[in-house]
Amino acid sequence: MEVPPKGVGFTIGLIQRATRARVNRVVREADLTKPQMDVMLFLKRREEKGQRVIQRDLENYFQITNPTVSSMISRLEAKDLIERVSDPHDRRIRQIILTPKAKDLIARFNDTIQEVEGTMLEGISVQELEQGKAFLEKILHNLQSKEEDKLDCHSCQTD
């Protein structure tokens with residue numbers, strides 16, 4: 001397979017950086033970053049479904065390390081945007097919940113975030129969007145499975 005002059009990975013990276021820059025400009029006025037807003041939106045979606053969130057859920061969903069998540073949670077907590085509360089069924093587990101202040105910020109920025117998403121998808125049909133998402137998910141799956149194979153290979157030692 002011939003690799004295009006600007007590879008798919010390069011284009012995906014450009015899209016990611018452009019999206020981050022656009023959203024960062026919007027949320028900067030609230031002293032937030034796109035990754036912080038992403039975490040808050042994730043918490044909101046899970047809350048709407050009645051699902052609790054713990055730190056490991058954020059690590060798994062965003063595929064980031066424990067120290068990175070811990071640092072982000074601490075910054076959001078310092079800004080009074082999230083709280084860590086004990087799980088009523090298991091006091092050892094600390095759930096992460098949004099504060100009323102965070103919910104107000106999300107509501108305030110929701111239209112703008114939807115506008116950025118609309119701009120990004122302008123001129124793309126529903127069918128193209130579904131095909132594009134399937135294509136990107138396949139790439140992600142391929143990369144993740146190759147990484148798992150690599151890890152499995154390193155853990156297997158021959159005598």
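Tutor: Contact here means heavy atoms within 4.5 Å. The model is predicted.

Student: Which residues does F42 touch, leaving out residues up to four places away in sequence?

Tutor: F42, found in helix 2, touches V53, D57, L58, Y61 and F62 on that count. One of these, L58, is 16 residues from F42 in sequence and 8.4 Å from F42 in space, C-alpha to C-alpha.

Student: Why is F42 called buried?

Tutor: Buried means under 20% relative accessible area. F42 has a relative accessible area of 4%, so F42 is buried.

Student: What makes the rings of F42 and F62 an edge-to-face pair?

Tutor: A pair of aromatic rings is described by the distance of the centres and the angle of the planes. Rings pair if their centres lie within 6.5 Å, and planes over 60 degrees apart count as edge-to-face. The centres of F42 and F62 are 5.7 Å apart and their planes stand at 70 degrees, so the pair is edge-to-face. This pair links distant parts of the chain, with F42 in helix 2 and F62 in helix 3 (residues 55–62), 20 residues apart.

Student: Why do F62 and Y61 count as partly exposed?

Tutor: Partly exposed lies between the buried limit of 20% and the exposed limit of 50%. F62 has 24% relative accessibility, so F62 counts as partly exposed. Y61 has 48%, so Y61 counts as partly exposed.

Student: Which residues touch the most other members of the largest nonpolar core?

Tutor: They are L32, M37, M40, L58, L76 and F109, in a core of 27 residues. The elements giving two or more residues to this core include helix 2 (34–48) and helix 5 (100–120). Leaving out residues up to four places away in sequence, M40 touches L32, L76, L81, L98, A102, L105 and I106.

Definitions and conventions: Residues are numbered from 1 along each chain as its sequence is written. This is a predicted model: local features need pLDDT of at least 70, side-chain atom pairs count only at pLDDT 80 or more; totals for chains, interfaces and linings use all residues. Side-chain values use heavy atoms; hydrogens and water are left out. A nonpolar core is a set of buried Ala, Val, Leu, Ile, Met, Phe, Trp, Tyr and Cys residues joined through side-chain atoms within 4.5 Å. Buried means under 20% relative accessible area, exposed over 50%, partly exposed in between (1.4 Å probe, protein chains only). Helices (H or I, at least four residues) and strands (E, at least two) are DSSP runs, numbered from the N terminus. Rings of Phe, Tyr and Trp (its six-membered ring) pair if their centres lie within 6.5 Å; planes under 30 degrees apart count as stacked, over 60 as edge-to-face and the rest as tilted.
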